Structure formats: structure tokens, C-alpha cells
Amino acid sequence: MPSAAGASGPHARRGLRTLLLVVVSVIALAAGLACTTPAPAERSFRGPAESSTTHPFTKASKLRRASVWAVGDGADGGTAAHTVVRRIARNRVDRFLYLGDVYERGTFSEFMRRYHTVYGRFARKTTPTPGNHEWPRHAGGYDRYWKRITGRRPPHYYSFSLAGWQILSLNSEQAHDEGSPQVQWLKSQVSTPGTCRLAFWHSPRYSAGRIHRDRPDLAPLWDALRGRATLVVNGHDHNMQRLRPIDGITELISGAGGHRHYPLRRDARLAFSDDRHYGAVRLTLTPGRAGFAFITSDGRKLDSGSVSCTR
């Protein structure tokens with residue numbers, strides 16, 4: 001039997017040194033991981049940059065021709081909204097842009113009762129932007145609903161490609177001043193030449209509405225798109241408008257989704273306007289060109305045309 005003194009001999013000391021080396025290595029490895037792995041809060045929504053290749057909203061499409069429908073201000077669960085959606089559903093829908101506003105407060109319950117029951121049939125094809133009604137409570141309503149649909153917490157602004165176009169979902173309800181993360185991100189997204197870009201958000205930069213008029217505070221978004229985009233699509237004003245090109249950009253307002261109408265005023269910038277019908281705008285995207293048509297819930301085409309872009 002070894003003596004007590006033998007237990008603290010050379011072999012024991014070598015074993016102790018080995019154990020100490022293992023412990024130190026484990027501590028160093030853990031410290032390295034802590035420094036290189038971001039905390040969960042950092043990974044969830046600083047904007048879209050970290051979601052550009054990971055969220056279903058940002059998934060690129062290989063389609064060379066796409067039928068895109070866009071409308072907002074209809075998620076009140078009412079009859080008019082249902083008729084607009086039935087009209088859209090009679091057509092090809094490759095992508096559906098919901099332009100914001102789930103009434104009245106955008107709670108999760110309202111998303112389920114007033115949005116999902118109307119627009120739920122397009123849920124897997126939808127790329128949304130938040131409106132002023134749901135944004136103040138977006139964490140419990142907008143974010144929770146879209147996480148339920150996609151399995152991922154939604155980015156609040158993001159980009160994807162479709163039919164030769166870059167589509168930019170921006171956020172008029174989040175900080176959009178010149179120095180904001182959103183505007184800095186947008187500038188990086190449009191830094192390469194070309195105008196085959198379509199941007200959409202809720203509140204329009206320009207509007208001939210009597211209730212909602214121009215929004216000068218949104219100039220940083222518009223200015224970043226100048227010379228880099230051809231189309232901007234908005235909601236918020238409960239009517240349909242097409243403005244003559246401003247800074248080379250054609251703005252379409254499609255807010256006649258069903259939640260009562262807002263009146264329009266005379267405005268020389270208008271190429272088309274309607275505040276009597278409910279309906280949506282249909283966009284047909286192909287490389288270098290976008291067709292558009294305002295379609296009423298009973299199937300009438302009120303206005304149509306096309307724009308071209310450079311690649």
C-alpha cells in the first residue's frame with residue numbers, strides 16, 4: 001500500500017497540473033464564446049440587416065413575371081374589406097403587400113379577428129408594413145401575429161428581390177430622420193446604380209387627401225430613393241391616388257381597403273384619383289418594367305399604366 005507521503009508524489013502533482021490546465025482551457029473557451037456570440041436581444045431586430053437572408057419576408061423569388069397586389073386600411077373585419085379580398089383572390093397573387101392599419105389598436109386579438117379572417121388566405125404570400133394604428137403596440141400585436149405566421153419575429157423594415165426588382169418594405173412609423181438606422185440602412189440598400197426598385201410603406205410622402213396631406217418628415221426616405229427607385233406604394237389615405245412622377249418616382253396610394261373613405265382635394269400633381277370605390281392596386285412586375293392597375297371590388301379597372309426602370 002502506498003504511504004500518505006506517496007499520495008502527494010510526482011504522479012499526483014502531474015495529475016493536478018493536468019486538471020488545472022483543463023479547467024483554465026474551459027474557462028478561456030467560455031469567455032471567448034461570450035465575446036463572439038451576441039446576446040439574444042442583439043439578434044432580434046436592429047433593423048433588417050441581420051434578417052436579410054434568414055426571414056421568410058426577405059426570401060428572393062426566381063419568378064421573371066410576378067403579380068403583386070397592394071392595399072391597406074382594410075383590416076376592420078367589415079364587409080367592404082371582404083369584397084376587396086374576394087376580388088384579389090380571383091386573380092393570380094404571387095405576392096401581397098399589406099400597407100398597414102389593423103383597427104383599432106392592432107392588438108393580437110384584433111389581428112386574429114379583423115386581419116386574419118380577411119387577409120389570412122394570403123398570409124404565406126404577404127410582406128407587410130406596419131400602420132399607425134398597430135405600431136404603438138406592435139410587440140404584442142404585429143410582431144406576435146407575424147411570428148405566428150412565419151415562425152420568426154418580423155423585421156420592421158427589410159428588402160427582397162422579385163421579378164428583376166428590389167422591393168423595399170420601409171417603416172413610416174419608426175424613426176426615419178436623416179441620421180436614423182433605418183435611413184442609413186436604406187442608403188446602403190440603394191447604393192448601387194439602377195432604378196428597378198419599388199418601395200412601400202404606410203403613410204405617403206405626398207398626398208392630395210383632405211385629411212392626410214403631405215408628410216415633410218418623410219423626406220429622408222423619399223430623398224434616399226431619388227434616382228434609385230421608380231415606384232413608391234403607400235396606404236393611410238383611404239382612397240386611391242396616382243401622382244405624376246416626382247423626382248422620377250411614381251407614387252401610388254392604395255388605401256381604399258374598406259375602412260370608410262377619406263375625401264380628396266383638387267391637386268395638379270394628381271394623374272388619377274378616386275374616393276368613392278373600394279379596391280386595390282395590382283402590379284405586374286417584369287425585368288425593366290412594372291404595370292399597374294387600380295381595380296375596384298366589383299372588378300372595374302379605374303386607372304392603369306406602366307413605368308420602366310434601368311438596371
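Is Phe272 buried or exposed? Good morning, colleagues. Before I answer, please note that the structure above is a predicted model.

Phe272 is buried, since its relative accessible area is 12%, and the cut-off for that term is under 20%. A search of the whole structure finds 18 aromatic pairs. Let me take two of them in turn.

A pair of aromatic rings is described by the distance of the centres and the angle of the planes.

Phe272 pairs with Phe294 in a tilted arrangement, at 5.1 Å centre to centre and 35 degrees between the planes. Here strand 10 (residues 270-274), which holds Phe272, is linked to strand 12 (residues 289-296), which holds Phe294; the two residues are 22 apart. Phe294 is buried as well, with a relative accessible area of 0%.

I turn now to Ser172. This residue is placed in the loop between strand 5 (165-169) and helix 6 (181-189), and is buried, with a relative accessible area of 2%. Its side chain makes a polar contact of 2.5 Å with the side chain of Glu173. The side chain of Ser172 also reaches the backbone nitrogen of Ser203, at 3.1 Å.

Finally, charges over rings. The charged end of Arg95 sits over the ring of Phe160, 4.3 Å from the centre of that ring. Arg144 lies over the face of Phe108, at 3.8 Å from the ring centre. Thank you.

Technical notes:
Residues numbered from 1 in each chain as written. Predicted model: local features only at pLDDT ≥ 70, side-chain atom pairs only at ≥ 80, totals over all residues. Heavy atoms only, no water. Helix = DSSP H or I, 4+ residues; strand = E, 2+ residues; numbered from the N terminus. Buried < 20%, exposed > 50% of the residue type's maximum accessible area, 1.4 Å probe, protein only. Polar contact = N/O pair within 3.5 Å; in protein donor to acceptor, adjacent residues only side chain to side chain. Phe/Tyr/Trp six-rings, centres within 6.5 Å; stacked < 30°, edge-to-face > 60°. Lys NZ or Arg CZ within 6 Å of the ring centre and 35° of its normal.
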